[in-house]
Amino acid sequence: MSEPFEPKIIAFFCNWCTYGGADLAGVSRLQYPPNIRVIRIPCSGRLDPKFILSAFRHGADGVWVSGCHPGDCHYIAGNYYARRKFALFKGLLEHMGIEPGRLHFSWVSSAEATKFQQVVTEVTGIVKALGPAPHYIKKLAEVA
Amino acid sequence: MLTYTKKIQELAQRLLTEGKVDLVIGYRRGTIPMMNEPVQVRNAEQTDQLYWDSFCGVNLANYLPKRAERIAVVAKGCDSRNIVVHLQEGQVQREQLVILGAPCQGMLDRRKVWGRLDGQEPLKALEDGNQLIVEGKGFKHSFDRGELLQDNCAICTHRNPVLYDELLGDLVPEQEGVDRYADVRAIEELDPEARWQVFEELLAPCIRCYACRNACPQCYCPLCFVDESKPQWVGKSLDKTDLRTFHFLRAFHLAGRCTDCGACERACPLGIKVRQFTKKLEKDVWDRYQFEAGIVLEGRPPLDTFRPDDQEEFIK
């Protein structure tokens with residue numbers, strides 16, 4: 001009997017909010033699905049769209065980006081700029097045929113351990129339901 | 001439109017003789033019909049090669065970034081918008097430029113002309129009012145201009161230059177009631193798998209020559225992401241994922257900057273409709289931020305600014 005599908009989800013968390021939120025969820029012993037691989041970034045504004053594409057190219061089934069709530073950015077406005085970038089990026093990615101449920105964005109503060117738990121459960125559920133990513137995976141070896 | 005040729009030559013002559021500019025960037029006839037090429041004239045005696053007709057589709061704003069000279073440049077509506085974007089992005093200074101504005105009736109697509117010739121070789125293509133007369137060995141055809149417009153020109157709503165120092169002719173009426181995004185909406189209505197296939201077919205012929213990137217005035221990075229290694233964001237191969245990554249990122253770098261001048265599509269040797277990527281972004285930028293690239297000098301491009309109440313329906 002084959003194992004049930006467990007998605008690989010790459011999660012980009014802002015250092016100041018969601019990363020802290022994930023930490024708090026951990027120390028609070030909140031249970032959540034173990035499908036995310038966390039990459040810490042200084043700010044959601046640091047997230048270059050190339051990072052998301054790179055994750056998908058390397059076989060991620062889903063990508064989740066999370067940062068501070070609007071107005072709470074450690075660098076004052078990083079997430080405001082990021083929000084515009086994300087909106088256009090998600091629009092174009094879905095336009096070219098990636099399923100809407102593969103890329104997720106959220107605002108989770110460092111105090112919102114329960115919201116973190118909810119979102120990670122929701123994201124994992126959606127990506128799991130979609131199944132393994134069918135497209136956009138680089139199968140040849142990378143050569144310079 | 002042919003009257004522009006004389007005006008460009010006169011202006012070029014005057015500007016170069018008076019020493020107002022170091023060079024004039026314009027068009028000259030190519031070696032085959034319907035293939036005008038850009039030319040940089042530095043000497044008043046050489047201004048007679050400057051030329052204008054409806055095959056001046058190359059976007060001359062591409063030759064402006066990071067230059068120190070004083071430049072006179074011929075600019076159609078779209079070229080002038082690209083110049084505005086360059087000015088906003090600090091790639092060129094207004095004092096450096098003398099913009100020779102060319103109100104434009106739309107450029108013609110040489111491929112559409114070729115397509116109507118049944119393989120016959122055109123030796124001459126001349127315009128007469130609303131007609132294009134193509135002559136070759138043993139044939140002479142006359143076509144209606146309107147049917148041969150480049151795809152982007154057919155839906156253009158900024159035919160007059162937005163910024164100019166001299167005008168080459170009277171301003172032309174702008175097209176009204178154009179549906180710019182019918183093709184984008186048609187793709188949006190499909191389900192994800194069908195959308196994937198649309199772009200799969202679209203990109204299938206791509207040989208990654210980067211002509212679309214090189215023809216684009218807005219692509220001026222000293223080091224392009226495709227040439228970066230460590231980390232390498234996109235492989236060098238014709239692998240489908242690499243092709244997608246290239247086209248996707250090329251388009252994304254034009255978010256809120258693309259003026260839909262059609263340079264990319266015009267340059268593509270395989271005739272790929274690469275504007276399908278940038279048009280989606282253009283539509284989204286308009287829907288979300290009510291912004292059109294390169295219309296006014298004031299203000300910042302949409303990705304270089306924000307509003308606290310920007311829509312965020314996609315964020316949990």
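Trainee: Which residue is the bridge partner of A:Phe13 in S3(A)?

Mentor: In S3(A), A:Phe13 has A:Ser66 as its bridge partner. Keep in mind that this is a predicted model.

Trainee: How many bridges join strand S1 of chain A to S3(A)?

Mentor: Start with the general idea. Strands of a sheet pair through backbone hydrogen bonds, and the pairing is either parallel or antiparallel. Now the case here. Strand S1 (residues 9-14) of chain A is joined to S3(A) by five bridges, and the two run parallel.

Trainee: In what order do the four strands of the sheet in chain A stand?

Mentor: The order is S2-S1-S3-S4 (chain A). The sheet is open, and its pairing is parallel.

Trainee: Which strands stand at the edges?

Mentor: Look for strands with a single partner. In chain A these are strand S2 (36-41) and S4. Each has one partner strand, so one side of each has no neighbour in the sheet.

Trainee: Which strands does helix H1 of chain A touch?

Mentor: Helix H1 (residues 18-27) of chain A packs on the sheet and touches S1, S2 and S3 of chain A. Its direction makes about 110 degrees with that of S1(A).

Trainee: How many helices and strands are there in chain A?

Mentor: Chain A has four helices and four strands. Read them from the N terminus on, and the elements run β-α-β-α-β-α-β-α.

Trainee: What radius of gyration does chain A have?

Mentor: Compare the value with a rule. A compact globule of 144 residues would have a radius of gyration near 15 Å. Chain A has 15 Å, which agrees. Its C-alpha atoms fill a box of roughly 40 × 35 × 30 Å, taken along the principal axes. Buried residues make up 51% of the 144 residues in chain A.

Trainee: Is A:Ile98 buried or exposed?

Mentor: Count the neighbours. A:Ile98 has 25 other C-beta atoms within 10 Å, so it is buried. It is found in the loop between H3 and S4 of chain A. Then A:Ile98 is in contact with A:Leu93, A:Leu103, A:Tyr136 and B:Pro192.

Trainee: Is A:Ile76 buried or exposed?

Mentor: A:Ile76 counts as exposed, because it has 9 C-beta neighbours inside 10 Å. A:Ile76 lies in the loop between strand S3 (62-67) and H3 of chain A. Check its backbone too. Phi of A:Ile76 is near 75 degrees, a positive value in a residue other than glycine.

Trainee: What is phi of B:Met34?

Mentor: Phi of B:Met34 is near 70 degrees, again a positive value in a residue other than glycine. B:Met34 lies in the loop between strand S1 (23-28) and strand S2 (37-41) of chain B. With 22 other C-beta atoms within 10 Å, B:Met34 is buried.

Trainee: Which residues does a cis peptide bond join in chain B?

Mentor: Read omega for this one. A cis peptide bond joins B:Lys230 and B:Pro231, with omega about -5 degrees. B:Pro231 lies in the loop between helix H7 (211-215) and helix H8 (240-252) of chain B.

Trainee: How many residues of chain A are in contact with chain B?

Mentor: Count both sides. Here 36 residues of chain A are in contact with 39 residues of chain B. On the chain A side, the largest share comes from H3(A), with twelve residues. By class, that side has 20 nonpolar, seven polar and nine charged residues.

Note on methods
Residues are numbered from 1 along each chain as its sequence is written. Chains are lettered from A and ligands numbered from 1 in the order in which they are written. This is a predicted model: local features need pLDDT of at least 70, side-chain atom pairs count only at pLDDT 80 or more; totals for chains, interfaces and linings use all residues. Two residues are in contact if their C-beta atoms, placed from the backbone, lie within 7 Å. Ala, Val, Leu, Ile, Met, Phe, Trp, Tyr, Cys and Pro count as nonpolar, Asp, Glu, Lys and Arg as charged, and the others, Gly among them, as polar. The radius of gyration is taken over C-alpha atoms; the globule rule is 2.2 Å times the number of residues to the power 0.38. A residue is buried if 20 or more other C-beta atoms lie within 10 Å of its own, exposed if 12 or fewer, and partly exposed in between; C-beta atoms are placed from the backbone. Two strands pair if DSSP finds at least two bridges between them. Axes are lines fitted to C-alpha atoms, for helices over the stretch in contact, and angles run from 0 to 180 degrees between N-to-C directions. Lists of a residue's contacts leave out its neighbours within four places in sequence.
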